[in-house]
Amino acid sequence: MESDAGLAPEVESILAAARDRGGGGERVAVDARSLTDAFEAAEADGRVPIIAEVKPTSPTTDGERTDDPVELAERMVGGGAAALSVLTEPEHFGGSAETLERVRAAVDVPVLRKDFVLHEEQLDAVEADVVLLIVRFLDEAGTDDLDDLLAAARDRGFQVLVEAHTAEEVERAVAAGADVVGVNNRDLAKLEVDLDTFPAAADAAPENVTLIAESGIGTPDDVARMRGAGADALLVGSAIMDHGGDSDVAENARRLTQAETDT
Ligand SMILES: O=C(O)c1ccccc1NCC(=O)[C@H](O)[C@H](O)COP(=O)(O)O
């Protein structure tokens with residue numbers, strides 16, 4: 001059942017926790033690894049640019065992957081991931097700032113901090129190369145504006161992935177000055193995934209924007225579909241993490257990063 005705001009109860013709970021979460025204390029200053037350079041290097045090497053997500057669990061997954069996140073991260077990079085995403089949300093995704101710190105120290109690819117940042121001080125929780133800002137959750141009472149948060153993140157040295165779900169939200173992201181835009185195939189109101197979402201919204205982004213297709217991508221056919229619709233890169237969590245099982249995340253990543261050379 002959806003709430004008055006049209007959000008699934010799990011998402012309401014995530015946002016309630018995010019509203020209560022403080023910042024990190026000292027203002028961070030990041031020397032960021034370039035996300036677009038990492039994508040270009042992957043392309044030049046014949047790999048599909050993939051951001052592999054270290055996501056121990058989530059409201060929509062059965063089970064939890066309890067392996068050491070640093071080991072998982074290193075194996076994902078071994079499987080060809082151009083960049084990593086690390087959940088830092090503790091209550092619903094099993095993440096932490098400390099995990100991100102450890103992962104970033106262990107790899108040399110860019111690391112995205114995946115969390116629900118609503119206020120400027122929350123940017124200071126941990127250094128990362130990229131932070132996520134979600135259009136749907138900003139510009140509302142009790143949250144900061146997307147434009148202000150984008151500027152605050154860049155002032156600290158972060159690159160910013162602005163996440164949208166519809167063509168209108170892509171336009172909002174671009175109007176705010178985003179140069180890296182993600183289209184999430186997961187509808188955060190219903191938590192349903194529909195791979196028609198990215199193709200429907202991608203055309204709203206101008207050529208100079210780096211476009212990332214997020215969520216629900218599990219097979220080489222899905223990779224081809226997202227790339228055919230204009231994705232410069234893909235963000236993949238569950239299909240690589242294999243929450244119910246214990247398969248090799250390097251192999252899971254490789255199946256997708258090599259999707260354009262294996263066919
Ligand atoms: O993944 C969830 O269950 C989820 C639930 C509520 C809000 C956000 C959620 N996911 C955030 C994400 O964007 C994904 O972790 C990411 O795009 C990877 O998706 P997937 O490959 O489908 O695991």
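The secondary structure of the chain comprises 12 helices and 10 strands, taken from DSSP runs (H or I of at least four residues for helices, E of at least two for strands) and numbered from the N terminus. The model is predicted: local features need pLDDT of at least 70 and side-chain atom pairs count only at pLDDT 80 or more, while totals for chains, interfaces and linings use all residues. Residues are numbered from 1 along each chain as its sequence is written.

Begin with the whole chain. Its C-alpha atoms fill a box of roughly 50 × 40 × 40 Å along the principal axes. The radius of gyration is 17 Å, which agrees with the value near 18 Å that a compact globule of 263 residues would have; the radius is taken over C-alpha atoms, and the globule rule is 2.2 Å times the number of residues to the power 0.38.

Next, select helix 3 (residues 69-78) and helix 5 (residues 97-106), whose axes come within 9 Å and cross at roughly 40°. Axes are lines fitted to C-alpha atoms, for helices over the stretch in contact, and angles run from 0 to 180 degrees between N-to-C directions. Helix 3 is therefore oblique to helix 5. (Angles under 35 degrees count as roughly parallel, over 145 as roughly antiparallel, 65 to 115 as roughly perpendicular and the rest as oblique.) Display P69, V70, A73 and E74 of helix 3, which meet T99, R102, V103 and A106 of helix 5; contact requires C-beta atoms, placed from the backbone, within 7 Å. This contact has 5 nonpolar, 1 polar and 2 charged residues, where Ala, Val, Leu, Ile, Met, Phe, Trp, Tyr, Cys and Pro count as nonpolar, Asp, Glu, Lys and Arg as charged, and the others, Gly among them, as polar.

Finally, select the ligand. It is surrounded by 21 residues, the closest being S58, T60, S215, G237 and S238; a residue is near if its C-beta atom, placed from the backbone, lies within 6 Å. The largest share of this shell, 3 residues, comes from helix 1. Helix 1 (9-20), strand 10 (233-236) and helix 10 (238-241) each supply at least two residues.

Terms used:
Two residues are in contact if their C-beta atoms, placed from the backbone, lie within 7 Å.
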